[in-house]
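Subject: Structure for you to look at

Hello,

Here is the structure I said I would pass on. Please open it beside this message and follow along.

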Amino acid sequence: MTLSSADQIQLDTFWQHCLKHQYFNIGYPENADFDYSQLHRFLRFSINNCGDWSEHSNYVLNSFDFEKDVMAYFATLFDIHPEDSWGYVTNGGTEGNMFGCYLGRELFPDGTLYYSKDTHYSVAKIVKLLRIKCRAVESLANGEIDYDDLIAKIAEDGERHPIIFANIGTTMRGAIDNIATIQQRLQQAGIARQDYYLHADAALSGMILPFVDKPQPFTFADGIDSICVSGHKMIGSPIPCGIVVAKRENVERISVEVDYISAKDKTISGSRNGHTPMIMWAALRSYSAAQWRRRIKHSLSTAQYAVDRLQAAGIQAWRNDNSITVVFPCPSARIAKKYCLATSGDTAHLITTPHHQDNRTIDALIDEVIAETEPHAWRAKRGSDEQREGGAQVPAQVRVSNARFDVI
Ligand SMILES: *Cc1c(COP(=O)(O)O)cnc(C)c1O
């Protein structure tokens, strides 16, 4: 690289910025606890995983062997035989969700996609791009899908081939839609297993649930048809990435022959990142299942610690089971900005990713939130004492506010 001195300064300044803020993140699920320095040397190569890693490609600078290992790992993790599954390393959760919805639509071209109002906003883009009919379903107070409303809407629409978009950990509240309940309710409604498609959006929790003692149902053995996970969230990656796993038989339907690379392609993009499969591979090889369990246990107990501290100060904080997302009433704009909190309506959350090895940042945030909610400050901010009450319980009436979805 030849850069002017001004450009050099710009780079150096950004370097300092990155160093300073490396572990800033408490409001988003990106884990910054990683070290891929052994892979840095590969950045000099134009590695490209265009096409299907399970086929031969004439583009020899591919990392297909690594991608194959990564996909075998996730197939096993999600309880499907690698031979019966197919998936690939994506650009992130959104592409994985899109792939799952695409498979669902190919299976049921006229099917309606049902998703709860707590679903990630990417589904709005996906249904537009794929031109899938869709219907937003109410959420329960903890962020799970409202099962009664789901079934009522399917009945109201007379939909015989629903495509269900289930959240395995919602973005704002870490809520997990119970796919066992969903399937039971569909069966009771007279919709047979072969007549619906079930995609699981496990962007964050797909790398948590496999390592906890009592996971909610989330695997292929539990009835899903496809699942996606983000690589830059729980696993941690300098480049956004993710994986998607689906049933092989459903994937065969969308495969296209490409003579130009002499391979079949089933993926959404053309050229695909060849470095991210190596990053995922390195992460998965560096930690044993026992080590993942330990890391995740630590994150979960840090989340509980945050809940306990906030509750002890009379602040209505809570979290869902097996979730590292701690939900609490939205603090002032000043605090939200200072800690880069993601807020939605009147709630905010903090996420205890593994880079919070000590509680320093979390304590600093909690201290400020508590200071602000001392009776005086609280009254001034909310104009009411009412909202200080409550405590341990998930608020009975959390208003589900996700205005973004009203437009699709
Ligand atoms: C982050 C997230 C996504 C989107 O994933 P990207 O990797 O950012 O594309 C989808 N669903 C949920 C529940 C998420 O939390």
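How far is an oxygen atom of the ligand from an N or O atom in the side chain of Thr171? The distance is 3.1 Å. Keep in mind that this is a predicted model.

In Asp201, an N or O atom of the side chain is 2.6 Å from a nitrogen atom of the ligand. In Ser230, an N or O atom of the side chain is 2.8 Å from an oxygen atom of the ligand. On its own the ligand has 380 Å² of accessible area, and the protein covers 86% of that.

Next, the shell around the ligand. Two elements give two or more residues to it, namely α3 (93–107) and α7 (231–235). The most comes from α3, with 3 residues. Besides Thr171, Asp201 and Ser230, the residues around the ligand include Gly92, Gly93, Thr94, Asn97, His120 and Lys233. Sorted by class, the shell has 9 polar, 2 charged and 1 nonpolar residues.

I also looked at a pair of helices. Helix α5 covers residues 147–157 and helix α6 covers residues 179–188. Their axes come within 10 Å and cross at roughly 35°, and the crossing is right-handed. On the α5 side, the residues that meet α6 are Tyr147, Asp148, Leu150, Ile151 and Ile154. Their partners in α6 are Thr181, Ile182, Arg185 and Leu186. The residues of this contact divide into 6 nonpolar, 2 charged and 1 polar.

Regards

Note on methods. Residues numbered from 1 in each chain as written. Predicted model: local features only at pLDDT ≥ 70, side-chain atom pairs only at ≥ 80, totals over all residues. Heavy atoms only, no water. Axes fitted to C-alpha atoms, helices over the stretch in contact; angles between N-to-C directions. Helix = DSSP H or I, 4+ residues; strand = E, 2+ residues; numbered from the N terminus. Left-handed = near helix turned anticlockwise from the far one by under 90°. Contact = heavy atoms within 4.5 Å. Nonpolar A, V, L, I, M, F, W, Y, C, P; charged D, E, K, R; others polar. Near = heavy atom within 4 Å. Polar contact = N/O pair within 3.5 Å; in protein donor to acceptor, adjacent residues only side chain to side chain. Areas by Shrake-Rupley, 256 points an atom, 1.4 Å probe, with all protein chains shown as cover.
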